[in-house]
Amino acid sequence: MIFSLSLVASSGLAALAILLIFLYRSASSVPGPLPPGPPPLPLVGNIFRIPKIAPWVGYQELSRQYGKIMSLKAFGQTFIVVDDADIAMDLLEKRSAIYSSRPESNMVALVGWDWNFGMFPYGAQWRRYRRMFWQHFHTGVVSKHDPHVKRGAAILLRRILQSKPDPREDIRHSLAAVVLGMTYGIRIAEKNDKYLAIIEGGSATGEHLITATSILEFLPVLARLPTWLPGASFLRTLQRCRKAVREMRFVPWNDTKHGIMDGVYDASNIAAEMREELSRLTAESVAEEEAVALDIAATVYSGETTQLISLTFSTLCGFFLAMSLYPNVQRKAQAELDAVVGPGRLPELEDLDQLPYVNAIIKEALRWHHPTPLGLPHANTSDDEYCGYFIPKGSTVIVNVWSILHNPEYYPRPDEFVPERFMKDGNLDAAVRDPSTVAFGFGRRVCPGRHLADNMLFIYISSVLHTYNITPPLDKHGQPIHIQPRGKSGIVSYLEDVRCTIKPRSTSAEALIRTCADGLLETRPY
Ligand code: HEM
């Protein structure tokens with residue numbers, strides 16, 4: 001009896017143990033909840049809660065309600081929105097093995113951008129392209145582009161001497177000169193340049209890439225409809241986009257390859273280096289390698305929706321506006337430049353360490369008006385769990401970079417342009433979070449052009465501060481107009497209005513612009 005009782009008891013215990021193990025196992029295989037977020041509607045999810053205008057502000061408001069990591073749903077797709085630098089690092093840097101892909105997008109191929117590795121999914125092909133790109137931009141080699149950068153800054157200095165109330169066209173023209181010179185050795189014409197028109201046509205297609213706003217993203221089958229159908233104007237737009245992107249991808253490469261472009265060109269350029277390498281390959285591998293090289297070159301100057309031009313352009317526009325609004329900042333930087341560089345020359349990269357306040361202005365320019373307020377989205381390639389929340393494979397992970405860079409806890413009075421926040425006792429303060437740690441993205445996808453971008457921002461900003469005074473624009477009565485900084489919505493956010501008055505600091509500054517800039521602008525190849 002005792003035996004049978006104990007048998008029953010022990011078999012009961014065993015059954016209980018098996019049941020507990022089963023319950024534990026099934027509980028642990030049930031994914032935890034998604035990060036908090038607004039309750040989804042059936043089928044469409046949170047489509048109506050996804051902010052469309054200045055979405056970084058809308059996401060910040062949602063994050064205040066739901067937390068620093070939250071989730072939204074749209075047509076079955078999960079969006080994870082992160083509003084905290086440490087969480088972004090935890091996921092995108094520390095777990096970069098699974099958070100380095102891009103969201104799948106039908107629009108990328110429909111608009112014709114599927115050769116650009118910035119949009120490739122994570123994998124062997126992306127690695128191969130990125131490695132090739134990196135060979136031309138890592139810290140050990142990036143200085144080879146300095147002559148092109150200095151020449152671009154000289155073009156800007158020379159063009160704004162005409163003192164127009166809006167510097168945008170001049171900034172864009174000078175950056176296009178850098179990118180075409182550096183990539184293909186092409187020197188663009190003062191006016192009506194063929195290659196400039198090609199870049200602008202290609203980059204304008206970037207707006208069609210924004211996912212979740214196009215019906216084609218969810219119903220790609222519509223792209224197969226005949227273009228002549230009434231109401232199918234969007235298909236004709238896509239056709240035009242693909243043509244513009246194709247021209248951007250092939251025309252400069254082919255023209256320089258066959259030596260048929262107009263005007264002068266510089267022998268030192270990335271495409272020429274690539275061709276040199278191709279010439280050492282066997283005939284069988286040349287065709288495949290040339291296709292990759294051509295796309296890498298096109299990526300340099302088109303980047304992810306024309307990184308080099310758009311993002312550097314947008315940051316420089318923010319700098320011009322900030323200088324017109326904060327005259328004391330400008331004067332302080334000019335005093336530093338006068339003491340270190342002196343009146344007889346333009347600043348050089350070698351001066352960088354001696355100019356902490358100018359460096360602080362560059363950091364503040366990247367923070368105050370960040371060109372990609374929501375960064376570029378990542379996607380995770382396997383299911384994950386973070387702080388008890390389930391993050392399903394294939395989620396779109398968005399970091400609200402703007403909100404992080406405007407968090408008053410780290411950057412008090414965040415809407416004001418205050419370079420002093422990065423300074424302590426006359427030096428840069430290492431204790432303040434450097435905006436570059438989030439501004440250039442994260443993990444394995446971090447911007448591979450960041451060292452070039454740093455150099456460009458330094459040369460452009462220090463050269464302009466050294467030679468020009470930037471003040472507010474004047475109305476027809478000669479009264480200063482106060483411009484309110486407002487960023488437009490888009491993957492790249494541009495300021496709506498950056499009008500200002502730009503005048504040489506003195507007659508000797510004007511002479512310096514003419515002599516130094518004209519020297520750099522000589523048409524002789526390097
Ligand atoms: C102020 C200037 C710039 C800013 C703020 C910037 C910012 C960024 C950001 C936020 C990303 C996405 C990173 C991520 O996914 O986490 C990115 C990617 C990228 N950037 Fe930049 N960038 C700048 C300049 C440049 C320049 C000058 C180049 C080219 C020389 C460049 C080439 C690229 C490329 C090719 C990618 C895609 C990388 C990949 O997907 O693997 N960027 N950049």
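Two residues are in contact here if their C-beta atoms, placed from the backbone, lie within 7 Å. In this predicted model, C447 touches F440 and G441, leaving aside residues up to four places away in sequence. C447 sits in the loop between α17 (436-439) and α18 (450-467). A residue is buried if 20 or more other C-beta atoms lie within 10 Å of its own; C447 has 22 such neighbours and therefore counts as buried. An unreviewed UniProt entry places the feature "binding site" at C447.

K68 is also a loop residue, placed between α2 (55-66) and β1 (69-74). Because K68 has 18 C-beta neighbours inside 10 Å, it counts as partly exposed. Not counting residues up to four places away in sequence, the contacts of K68 are S63, V82, D83, D84 and I87. The C-alpha atom of K68 is separated by 9.7 Å from that of N400, a residue 332 places away along the chain.

The remaining part concerns a pair of helices. Helix α8 (residues 194-203) and helix α10 (residues 233-257) have axes that come within 7 Å and cross at roughly 140°, which means that α8 is oblique to α10. The crossing of the two helices is left-handed. On the α8 side, the contact is made by Y195, I198, I199, G201 and G202; α10 contributes A244, V245, E247, M248, V251 and P252. By residue class, this contact of α8 with α10 divides into 8 nonpolar, 2 polar and 1 charged.

Conventions:
Residues numbered from 1 in each chain as written. Predicted model: local features only at pLDDT ≥ 70, side-chain atom pairs only at ≥ 80, totals over all residues. Helix = DSSP H or I, 4+ residues; strand = E, 2+ residues; numbered from the N terminus. Buried ≥ 20, exposed ≤ 12 C-beta atoms within 10 Å, placed from the backbone. UniProt positions renumbered as here; feature names shortened; annotations may be inferred. Axes fitted to C-alpha atoms, helices over the stretch in contact; angles between N-to-C directions. Parallel < 35°, antiparallel > 145°, perpendicular 65-115°, else oblique. Left-handed = near helix turned anticlockwise from the far one by under 90°. Nonpolar A, V, L, I, M, F, W, Y, C, P; charged D, E, K, R; others polar.
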